[in-house]
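Please have the sequence and the picture in view while I talk.

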Amino acid sequence: MDKSSTDNRSLITDQFNRVHDYLRISLTERCNLRCFYCMPEEGIQLRPRSEFMTAEEVMEMARIFVSLGVKKIRLTGGEPLVRKDAKEIITKLSQLPIELAITTNGILVDDYIATLKSNGLKSINLSLDSLKKEKFNSIVRRDYFDKVISNIDLLLKEKFHVKINAVIIKGVNDDEICDFVAWTRDKNVHIRFIEFMPFTGNKWDWSKGVSFMEIITKIEKKYGDDILKLKDAVNDTAKNYAVKDHLGTFAVISSVTNPFCDTCNRIRLTADGKIKNCLFSGTETDLLSAMRKGEDIIPKILESIWNKKAMRGGMDSFKDFSDSSQNQKNRSMVNIGG
Ligand code: SAM
Ligand code: SF4
């Protein structure tokens, strides 16, 4: 990075005055699970390692974004922890003046506890779509339920703040919504029910979706006046609740029926070094190739975010959003980085 770049303190903003200070970096497109709502049935085409950011390039990208005002970085994927150099990346990134976070399927967490603790990561987002072994294994198309559950217990024992992401899909796991809430009675976990979102190859249609209203209505039927509304943070995508006297909490992320675009502060960097200004954007800008040519990538970052659409990558209406031809312009979730 040249001096003019390091002196550039301007925040990354768009035409709608949204300040972007939260970067999600995908470390890999690879994954040790095959969740049907994320990974296409036929899998994804594996590409040569040279097309993806090295650990040094991840650091260089991160430093540039931090110089532009990014304050929080979340590592995601694919499964970020399958990368052989994930420990090195976590250790180096944690030296930047940022809050470092991670989203993982939890399978390899036991091998990372020491690294996470020594680098100050206190909160982990972990995916778990069912509390029933057979069902979980059929959703993720692998046999890892026991490992994930034991790693959740390990994280709790080690005093991590554990958020559990559960994508709710009709006829698959919507019968478990109240079971997840009941789980929070004695377990200090923070469940986040996520509406099923459309991406290339995941055979989405909203008849399979379960809305925020449906989720809350089910919980209200069981818990009624014992449900407490909690305060949501400014850029929080989740609406947070708890049940009276429960140790944990629950939340709903209504990306489909009530998107949180107005306060969006998120930037995504794919494992192959493309910036995406929105999860649903059909376009992206190649930062990695430019960086490898020695070009200043700051103007590309600023331009990409400046051109961010007001809502869901330009799909303003629910009709646009649920039009599969629009969503086919995007990637699969596994190679965006959720
Ligand atoms: N492998 C890690 C994991 O599963 O937590 C990180 C990457 S994963 C793509 C990040 C999050 O995206 C997960 O919580 C997953 O449940 C969510 N996700 C994937 N596909 C989704 C979809 N179609 N709709 C809603 N959430 C989805
Ligand atoms: Fe892998 Fe996470 Fe996608 Fe499941 S949701 S296939 S664990 S990247």
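**The ligand and its surroundings**

Let me begin with one contact: a nitrogen atom of ligand 1 has a backbone N or O atom of methionine 197 at a distance of 2.9 Å. Please keep in mind throughout that what we are looking at is a predicted model. How much of the accessible area of ligand 1 does the protein cover? On its own ligand 1 has 550 Å² of accessible area, and the protein covers 96% of it.

As for which parts of the chain supply this shell, strand S5 (99-104), strand S7 (161-168) and strand S8 (189-195) are the elements that give two or more residues to it. There are 20 residues around ligand 1, and those that come nearest are Tyr37, Gly78, Ser127, Asn165 and Met197. Sorted by class, the shell holds eight nonpolar, 10 polar and two charged residues.

Is S11 enclosed or open to the outside? Five of its five residues are buried, so S11 is largely enclosed by the rest of the structure. In a regular strand the side chains alternate between the two faces of the sheet. In S11 both faces are covered, with Thr249, Ala251 and Ile253 buried on one side, and Phe250 and Val252 buried on the other.

Turning to the partners of S11, strand S8 runs parallel to S11 and is joined to it by five bridges, and phenylalanine 193 stands opposite valine 252 of S11. Strand S10 (residues 238-243), by contrast, runs antiparallel to S11, with four bridges between them, and here asparagine 240 has alanine 251 as its bridge partner. Five residues lie between the strands in the hairpin of S10 and S11, where aspartate 245 takes a positive phi near 70 degrees.

Elsewhere in the sheet, strand S12 (residues 266-269) and strand S13 (residues 274-276) run antiparallel and are joined by two bridges, with lysine 276 of S13 as the bridge partner of arginine 268.

Finally, two loop residues. Serine 211, in the loop between S8 and helix H8 (212-223), has a relative accessible area of 12% and is therefore buried; setting aside residues up to four places away in sequence, serine 211 touches Glu195, Trp206 and Thr257. Phenylalanine 280 sits in the loop between S13 and S14, and because its relative accessibility is 8%, phenylalanine 280 counts as buried. Apart from neighbours within four places in sequence, the contacts of phenylalanine 280 include Pro198, Phe199, Arg312 and Met197, and with Met197 we are back at a residue that is among those nearest to ligand 1.

How values were computed:
Residues are numbered from 1 along each chain as its sequence is written. Chains are lettered from A and ligands numbered from 1 in the order in which they are written. This is a predicted model: local features need pLDDT of at least 70, side-chain atom pairs count only at pLDDT 80 or more; totals for chains, interfaces and linings use all residues. Side-chain values use heavy atoms; hydrogens and water are left out. A residue is near a molecule or strand if one of its heavy atoms lies within 4 Å of it. A polar contact is a pair of N or O atoms within 3.5 Å; within protein, one must be able to donate a hydrogen and the other to accept it, and residues adjacent in sequence count only if both atoms are side-chain atoms. Accessible areas come from the Shrake-Rupley method with a 1.4 Å probe; for residues, only the protein chains shown count as cover. Ala, Val, Leu, Ile, Met, Phe, Trp, Tyr, Cys and Pro count as nonpolar, Asp, Glu, Lys and Arg as charged, and the others, Gly among them, as polar. Buried means under 20% relative accessible area, exposed over 50%, partly exposed in between (1.4 Å probe, protein chains only). Contact means heavy atoms within 4.5 Å. Two strands pair if DSSP finds at least two bridges between them.
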